[in-house]
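Subject: Handover of a structure and notes on its contents

Dear colleague,

Please find the structure for your attention below. My notes on what was found in it follow directly after.

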Amino acid sequence: MNEAFFDKKEYKPLDRVDGRLKVTGAAKYSAEYPLPNMAFAVLVGSRIAKGTIKSIDSKAAERAPGVLAVISHLNAIKVPGYQPKGEHPSEPSTNGQPLRVFFDNKIVSNDQPIVAVVATSLEKAQYGASLVKIQYIKEQHKTDLEANAGDAKLAAAAKKNPKSPTADYDRGQKDAFESAPVKFEAEYVLPTEVHNPMELQSIIAHWEADNKLTVYDKVQGTKMTQKNFAKEWDIPEENVKCIATFVGGAFGNGLHNWPHETAAIIAAKQVKRPVKLVLTREQMFTMVGYRPRTWQKIQVGATRDGKLVAINHQSIGQTSSYEEFTESTLMQTRMMYASPSVSTRYRILPLNVATPIWMRGPGEATGAFALESAMDEVAHAIGMDPIDFRLANYTESDPDKNMPWSTKYMRECYEEGKKRIGWKNRKLKPGEVRDGEWLVGYGMGTGTFGANRGPATVHAELDKEGNLVMHCAITDIGPGTGTAMVQIASNTTGISTDKITFHLGSSEFPNAGLQGGSSTVNSVGPAVLAACNALKEQLITMAAAKGNSAFTSAKPDDLMFNKSELQLGGKSAKTTLADLFKQNNLEKIETTNESKPDENRNKYSMNAFSMHFAMVHVHPFTGQVRVKKIVCCADAGTIVSPKTAESQMIGGATGGIGMALTEDAVMDHRFGRYVTKDLGDYHVPVHADVPDIDVYFVNKPDLLADPVGSKGLGEIAIIGVAPAIANAVFNATGKRVRELPITPDKLI
Amino acid sequence: MDKNKSNKKPEKEDHQESRRDFLKASSILTAIAVAPATVAKAAEYNLGEKISAAFETTPVNLTINGVKKQLPVEPRSTLLDVLREQLDLTGTKKGCDYGQCGACTVHVNGQRVLSCLSLAVMQEGKEVTTIEGLAKGDELHPMQKAFIKHDGFQCGYCTPGQIMSGIACINEGHANSKEDIKEFMSGNICRCGAYPNIVKAIQEVKNGGQKS
Amino acid sequence: MIQFQYERASTAKAAVNALTNNANAKIIAGGTNLVDLMKRNVMAPTKLVDINALPLREIRQQDGKISIGAMALNSQVADDKLIIEKHPLLSQALNAGASAQIRNMASVGGNMMQRTRCHYFYDTALPCNKREPGSGCGAMEGMNRMHAVFGTSEKCIAVHPSDMCIALVALDATVLVTGPKGDRRIPFEELHRLPGNQPEKDNNLQKDELIISVEIPDNSFSKNSHYMKIRDRASYAFALVSVAAALNIEGKVIKEARLAMGGVAHKPWRLKEAEKALVGKPATEETFRQAAEIAMQGAKAYKHNAFKLKLGPNVIVEALKNAAGLV
């Protein structure tokens, strides 16, 4: 190692490598590939929440101009993967059976896709869809979480494995809470939230041959999709190609292959044409997952001087009747604070609704709303500053796993965040600070998420002009994966970023997992590192073989590019790439390298941490809340792409504003049907809702987690934001809102 | 409005109408099989659609990104669907299709409008500018450059709409302060949450004197 | 969307004729509401009559009033110097509605004709007497947080969604319409109607009448008016409650007052009794609070919108305070 010579740790802000494509409209998203002879499919959803289809009258639709097919369970071709046991392949697997579209006449949720109308144009397909008449036999449905809470149950995964994150957990003394000097107890409710990426879920399904399928599909994993559809259609994996070069946001809803994708593939097979299927915005609420409505109850016991004695935390989250969706709602309660006694009880409640799916920050963001609100409430009850209260319960090792942290730099976050938000202006007593008519409040919330890492493989090619081209199947749903990988490669090799290309988003490329769970830089980054080092090794070997003795004992870390020159650190030896390639009679060199998690994962607890601070104004008479400033502090290891990383934090904070103040998918339980199901009624934050967001990165590498030193950002960007805002609202008004969103009606 | 044009039009429409009336009268009543009642009622009046399908497009003359085009469109086709599905100008995005997100923002005669709520047939004689029409060759529009510089996007899907809207926001005189920009850009939703960076990009272009 | 006939009208008369001749024809101007409703199969006209070629975009001062053509765009009116100078309340209300793009498309006449955003009206799988008379009111026992507290009926509790109309009703506007029998003038307050037994009817226009213009009489409110809209996010959302407040203050005494509310009724809700309670009183918070109490008399809440009974008067007071310059 010769780090003094080659300063590789300093990553500089870089414009997005795909920026030009995105600002010119040239970036192609999944519905934007013009294939000859394209047909268009529109899905008709069920109008009841539970029951069976009695009849489908498709005559008028079939006769409508341009309609090619009206497909339902009555006439859909057999999907081999549905047979024989009825297992439907899906990864990552939820317990149960994903919905098999057009399989039978069962209705398991409202707006379940039951008919596809395929036509020669979108307009004709839409019109055709409006002509389909369906009769149902209704059964009594259950969609209301609170009303049916008594039916909540332990997840099957937890029954099988007591170590499952969803299993019951107890540490310390069982009745510690009961005997605590200060006892606090409250219930919190998070409504159903919907990912609502700006791009509607879209797929073009194209059977290039009878057993050869290409999908241009909006997903977060091209390999997952390839594998699932290969199984579903009983064809070799190499016969399935999934293209997802650009993904217009996803936030988790592309982590599952959904019924509409299979519907399009069935339709393409049936009409023998490529079929484009784009969901409507309403269908984004019912067909591609959501953050489940979750009820939580938390009990916190503490001493009067602010030491935690016990935390008991339980939650019930809704799931569908056919898949057990679970998430890690209660995990941080076990490890965030040094409470000697902790109990968690995680339950799921199957309802006649569609299956949820992880939404940004997933369960941790839900759990953090309860935990971090409760911490604020207890601090208030004992008259302590909420930051001091948290610091009094700071934990230097993971109390759940009984392991040291790989790294944890939260103290820096507390200090920096306090300074930047102006915490000194906060008054302990709520309602004391005013700006004109508006009440002013400050609040904070913390977040954590596992520094996840999975195996990933990168192929890299270096030509004699010094162009480095890499390939990997990973997707980029927006964080700037290509940009980050180019930066890692440049940082590792010294090759300037404009000579490096990172191709992603195709199942044709080397393996990578899903873009989810904040794992991309931690997983693919090391593979880029490995590939770059392998190329350097090849160059060193080539140089040494040609008699350049200085290279004989050199290691990859000693070698860096300086434009077209290869330099050896600390030594005067150098050669040029052109010479080396010429001497070896080569046009290019290449390598494929895999990188995997190592045994450090068994020795350390690896987590990224965040801390969010909010300053809000609340109007005492109209109940309006205006977030005036947010400070986000993150201990996420090495920040390899400072510019896009900052944007990712800003985006997470914006999602947190939505969670805290505006987002609510309201269902009318009489019908089991959403009533707020478009972007007019389901309010995601707009420009006017979002203040300046100040981002601070500790930016210290965690080399135990992975060789890049990164711990991941996507989730911690949102986890803890909603409680920070809710706590600030309390500080402003003295009103504690425990059911999100905090709309004006709840504050007047 | 061009007087000559509006004088000519009705005649043409009259022709079309009588043709439709004829088709209506000569077609056979088909079975009703319609989900929503409103559509059922409409369908009764909409007899013989199959027969008349071939006649159902109307030519519309548009200038798109400086290029004059005559396109056959169904009256029900939106400008958005015509751009994306007929002309392969997919830079204009469909985010909601109901006028609730701004992803489909284009300029029609220099004004920012939502192409998802604009019927293509109603744009007769108008000039449409889409995101693809902003750059002059390789030279990006200052707003495009500013978006890259300030990282005014992540996934990029709302970006064309934000850029088209941002340019118009300045031209309308609604970019005089940060608060002003935020209010007058609120019709463009960004779920990735790039808002503060978008505002910075617009401010920079505004302060640099926009030439569009 | 169904296939429909499309016709461009070159005169108002031609447009009216087209409506007279086809009961299922609809006028299209900006299309921002109609196209949306057609996409969702809530409305399915078999013919659209495009009136964009009609010369109805002018905003002009006439003797004692300002006349705004029905085809003037919402953004055009909001940014118009004359409007900003004489009726800033209208400009504020317009800018509080929709988005910049929609305001660039939507006409003044179309704004008046826009239909409720009630969830049940929009979803053809749910009952709605306005969309399908006799199917029932989904909102009555359902999710009615956004719904009306004044003037509801057994059949319908939907609200009128416009902001512009709240300002216009406060400013004593008059609507000019033309029809087969010629022109007529409708006081703005009588343009929209309460649901009663016919919630399918939003307003008192005949099916073949066309809005030509709206007139606002000159007034003395330009110094002391304010439009306040409370919604679930900072912009681009329909009102929970909105208030248009206009005062003519001489010395410290209120000489004239205009007050109207949005988000509370099937029509723009003018508060005449509250106005009377303001006149002759000092422009103080106490006066405003008393007027707000009067304003809310007769309000009736449903399961999820009881907050409007408290938010309503608060917004009235805040709007009046802003109008009076007390904030």
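In these notes, contact means heavy atoms within 4.5 Å. This is a predicted model, in which local features need pLDDT of at least 70 and side-chain atom pairs count only at pLDDT 80 or more, while totals for chains, interfaces and linings use all residues. Residues are numbered from 1 along each chain as its sequence is written, chains are lettered from A and ligands numbered from 1 in the order in which they are written, and side-chain values use heavy atoms, with hydrogens and water left out.

I begin with a single residue. A:Tyr188 is placed in strand S9 (residues 182–190) of chain A; strands (E, at least two residues) and helices (H or I, at least four) are DSSP runs, numbered from the N terminus. A:Tyr188 is buried, with a relative accessible area of 1%, where buried means under 20%, exposed over 50% and partly exposed in between (1.4 Å probe, protein chains only). The side chain of A:Tyr188 makes a polar contact with the side chain of A:Glu377 at 2.6 Å. A polar contact is a pair of N or O atoms within 3.5 Å; within protein, one must be able to donate a hydrogen and the other to accept it, and residues adjacent in sequence count only if both atoms are side-chain atoms. A polar atom of the A:Tyr188 side chain also lies 3.5 Å from the backbone nitrogen of A:Ala374.

The next topic is the interface of chain B and chain A. Here 67 residues of chain B are in contact with 70 residues of chain A. The two chains bury about 5,500 Å² between them, 55% of it on carbon and sulfur atoms; buried area is the accessible area (1.4 Å probe) that two parts lose on being put together, summed over both. In chain B, the residues that lose the most area to chain A are B:Gln154, B:Arg191 and B:Tyr195, together 15% of what that side buries.

How many salt bridges are there between chain B and chain A? The count is seven, a salt bridge being a side-chain nitrogen of Lys or Arg within 4 Å of a carboxyl oxygen of Asp or Glu. A:Lys124 and B:Glu74 meet in a salt bridge through their side chains (2.5 Å, N to O). Among the elements that give two or more residues to the side of chain B that touches chain A are helix H2 (37–45), helix H6 (159–171) and helix H8 (195–207) of chain B. H8(B) gives the most to that side, with five residues.

Finally, the domains. Chain A is divided into domain 1 (33–140 + 198–249 + 254–286), domain 2 (151–192 + 290–452 + 602–746) and domain 3 (454–596), with bounds that come from an automatic or database domain assignment. The C-alpha centres of domain 1 and domain 3 of chain A lie 40 Å apart. Their contact takes 17 residues from domain 1 and 16 residues from domain 3. Domain 1 and domain 3 of chain A bury about 1,300 Å² between them. Of the area that domain 1 buries against domain 3, A:Gln220, A:Thr222 and A:Lys223 supply 42%, more than any other three residues. Between these two domains of chain A the count is zero salt bridges and eight residue pairs in polar contact (both at pLDDT 80 or more).

In chain C, the domain assignment gives domain 1 (5–52) and domain 2 (224–323). The centres of these two domains of chain C, taken over C-alpha atoms, are separated by 36 Å.

Yours sincerely
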